[in-house]
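Subject: Structure handover

Hello,

Here is the structure you will be taking over. My notes on it follow below.

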Amino acid sequence: MAEGTRGLLQRWGASLRRGADFDSWGQLVEAIDEYQILARHLQKEAQAQHNHSEFTEEQKKTIGKIATCLELRSAALQSTQSQEEFKLEDLKKLEPILKNILTYNKEFPFDVQPVPLRRILAPGEEENLELEEDEEEGGAGAGSPDSFPARVPGTLLPRLPSEPGMTLLTIRIERIGLKDAGQCIDPYITVSVKDLNGIDLTPVQDTPVASRKEDTYVHFNVDIELQKHVEKLTKGAAIFFEFKHYKPKKRFTSTKCFAFMEMDEIKPGPIVIELYKKPTDFKRKKLQLLTKKPLYLHLHQMLHKE
């Protein structure tokens with residue numbers, strides 16, 4: 001066994017043990033973070049091309065199944081339901097399998113499947129997939145439109161250089177209110193600026209995965225730098241915020257709801273904006289509120305002018 005592979009397995013085993021320790025101590029935020037980070041590493045290895053991996057296809061399948069179990073445990077910790085779908089005792093059975101992956105030849109103890117490469121779906125596409133859930137067992141990323149490649153959350157861009165007389169906008173995404181906030185897996189927000197026809201006016205940015213979840217809130221506390229001077233935005237433009245989360249059972253990242261802010265709402269200070277049902281309506285013609293409850297997207301705007 002190559003020294004690199006041995007070290008990798010030791011690191012994975014230690015990470016799994018840390019997560020289980022946090023889990024048993026009741027430090028759920030730390031446990032979820034450890035599980036999700038390890039799951040991503042394992043998924044990446046499970047999906048690596050043959051010539052870029054030191055593991056056989058069968059070993060990669062087992063690694064992928066362990067990643068799925070980590071996601072299931074993470075989801076169980078974030079669920080408000082009292083009955084846990086995947087228990088800590090189950091998770092502890094995975095450590096010896098992971099550490100001995102090169103010689104493991106028994107049947108995997110849980111009936112799970114490796115998660116295919118995560119898909120980022122075009123607005124509205126998830127509705128079609130939810131109707132065709134039974135067909136979702138296809139190849140990794142099958143049918144995913146070319147314009148929406150799988151993206152790792154966290155593509156924030158730096159502030160533009162200042163120009164005399166021009167205004168730059170920083171939007172801090174503080175939190176979003178959702179009745180099932182605790183059940184959202186790997187939630188993040190995609191921010192885009194669109195004209196009235198839904199055409200992008202600036203590069204699209206993704207926040208990192210949310211920093212924490214509590215009660216009916218998902219917290220982000222992250223700054224978005226608008227990639228255009230406010231004065232250069234076309235009339236009727238709007239800034240969109242799409243809340244996305246991962247669905248393990250359906251194996252794709254889906255838009256849950258969206259919000260938007262129009263140009264006359266750009267002013268310094270806090271702002272609270274309403275949430276709308278998917279699919280994202282960039283043309284703002286058929287809007288339907290997500291809920292009648294007082295749940296919103298909470299932002300704070302900062303204007304910078306030379």
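With which side chain does the side chain of aspartate 206 make a polar contact? The partner is the side chain of threonine 190, at 2.6 Å. A polar contact here is a pair of N or O atoms within 3.5 Å; within protein, one atom must be able to donate a hydrogen and the other to accept it, and residues adjacent in sequence count only if both atoms are side-chain atoms. Aspartate 206 is found in strand β3. Aspartate 206 counts as buried because its relative accessibility is 0%. Buried means under 20% relative accessible area, exposed means over 50%, and partly exposed is in between (1.4 Å probe, protein chains only).

Some background before the rest. The model is predicted: local features need pLDDT of at least 70, side-chain atom pairs count only at pLDDT 80 or more, and totals for chains, interfaces and linings use all residues. Residues are numbered from 1 along each chain as its sequence is written, and side-chain values use heavy atoms, with hydrogens and water left out. Helices (H or I, at least four residues) and strands (E, at least two) are DSSP runs, numbered from the N terminus.

The sheet

Strand β3 belongs to an open sheet of 5 strands in the order β3-β2-β6-β7-β9, with antiparallel pairing. Its edge strands are β3 (205-206) and β9 (276-277), each of which pairs on one side only. Two strands count as paired if DSSP finds at least two bridges between them. Strands of a sheet pair through backbone hydrogen bonds, either parallel or antiparallel.

Strand β2 (residues 185-194) pairs with strand β6 (residues 238-247) in the antiparallel sense, over 8 bridges. Within this pairing, isoleucine 189 stands opposite phenylalanine 243 of β6, and serine 192 has phenylalanine 240 in β6 as its bridge partner. Strand β2 also pairs with β3, again in the antiparallel sense, over 2 bridges; there, valine 191 has glutamine 205 as its bridge partner. Because 10 of the 10 residues of β2 are buried, this strand is largely enclosed by the rest of the structure.

Histidine 219 lies in strand β5 (residues 217-225). With a relative accessible area of 7%, histidine 219 is buried. Its side chain is joined to that of glutamate 214 by a polar contact of 3.2 Å. Leaving aside residues up to four places away in sequence, histidine 219 touches Glu174, Arg175, Ala210, Ser211, Arg212 and Glu214, where contact means heavy atoms within 4.5 Å.

Asparagine 221 is also in strand β5. Its phi is near 50°, a positive value in a residue other than glycine. Asparagine 221 counts as partly exposed because its relative accessibility is 48%. Aspartate 215, in the loop between β4 (212-214) and β5, likewise has a phi near 50° and is not glycine. At 71% relative accessibility, aspartate 215 counts as exposed.

Helix α2 (residues 28-46) has 19 residues and reaches 26 Å from its first C-alpha to its last, close to the 27 Å expected at 1.5 Å a residue. The expected span is 1.5 Å times one less than the number of residues. Buried residues in α2 include Ala31, Ile32, Tyr35, Leu38, Ala39 and Leu42.

Helix α3 (residues 57-78) has 22 residues, which should span 32 Å; its end C-alpha atoms are 32 Å apart, which agrees. Because 17 of the 22 residues of α3 are buried, the helix is largely enclosed by the rest of the structure.

Cysteines and a cis bond

How many disulfides does the structure hold? The count is 0, a disulfide being a pair of cysteine sulfur atoms within 2.5 Å. The sulfur of cysteine 184 has its closest cysteine sulfur in cysteine 257, at 8.3 Å, so the two are too far apart for a bond. Both residues are buried: cysteine 184 has 2% relative accessibility and cysteine 257 has 1%.

Finally, a cis peptide bond joins lysine 278 and proline 279, with omega about 0°. Proline 279 is placed in the loop between β9 and β10 (296-305).

Regards
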